[in-house]
Amino acid sequence: MTRRKKTRTTGPLAPSKKPLEPKSKKAPATRTGPHKGHKPGSRFNVAAAKPNTTSSVKSSADPRHGSKKPIQLVDPNQVAPTPARQKLFDRAAALAELNALQSDARLQKLLAKLEADQELTPSELEYVDLRTDRFNQLAEQLGIEIDDEDEDDFDDEFADDEDDWELDEDERD
């Protein structure tokens, strides 16, 4: 195929072009509504734009509505709260309370009943719970570790099993 050069003619199927109408040279219509923005040249003619009249004095006043009286945000009659000093930990008092709990005869009797699997009344159980909780708190504050017998029993129970794992000399061969 031979190459055909492109032309701007549309051909027989294209719509015909309408002739251009000359633009009318009418004067622009004057605006009747308010103009937006500043007048041209107002950036450089600041002094000429503001006439010296009494209205300029009013414009310097605060345009906000309402009272301009200052309001105190803090009540002057209110006393400032003093920061409470942190209670210092009294180690001697804690040790004395811990010793008192250890030597509590009623607590010792109730604990002995519990170990003997005897029934306690609800008031006795409440007394034991309160005293043991306080004892644990004091021991934790003082850094005293309490050895529970249950943990020792668990360790002793499995200590014998470790010996069973060792092979005798006869079994190694």
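Which residue forms a salt bridge with Arg 134? In this predicted model, the partner is Glu 97, and the closest N and O atoms of the two are 2.8 Å apart. Arg 134 belongs to helix 5 and Glu 97 to helix 3, so their pairing ties together parts that are 37 residues apart in sequence. Searching the whole structure turns up one salt bridge.

Let us now step back to the two helices themselves. Helix 3 covers residues 91–102 and helix 5 covers residues 122–142; their axes come within 10 Å and cross at roughly 145°. The crossing of helix 3 past helix 5 is left-handed. On the helix 3 side, the contact is made by Arg 91, Ala 94, Leu 95, Glu 97, Leu 98, Leu 101 and Gln 102. Helix 5 contributes Arg 131, Arg 134, Phe 135, Leu 138, Ala 139 and Leu 142.

Finally, have a look at the aromatic rings. A search of the whole structure gives zero aromatic pairs. Tyr 127, however, has Arg 106 lying over its face, at 4.0 Å from the ring centre.

Terms used
Residues numbered from 1 in each chain as written. Predicted model: local features only at pLDDT ≥ 70, side-chain atom pairs only at ≥ 80, totals over all residues. Heavy atoms only, no water. Axes fitted to C-alpha atoms, helices over the stretch in contact; angles between N-to-C directions. Helix = DSSP H or I, 4+ residues; strand = E, 2+ residues; numbered from the N terminus. Left-handed = near helix turned anticlockwise from the far one by under 90°. Contact = heavy atoms within 4.5 Å. Phe/Tyr/Trp six-rings, centres within 6.5 Å; stacked < 30°, edge-to-face > 60°. Lys NZ or Arg CZ within 6 Å of the ring centre and 35° of its normal. Salt bridge = Lys/Arg side-chain N within 4 Å of Asp/Glu carboxyl O.
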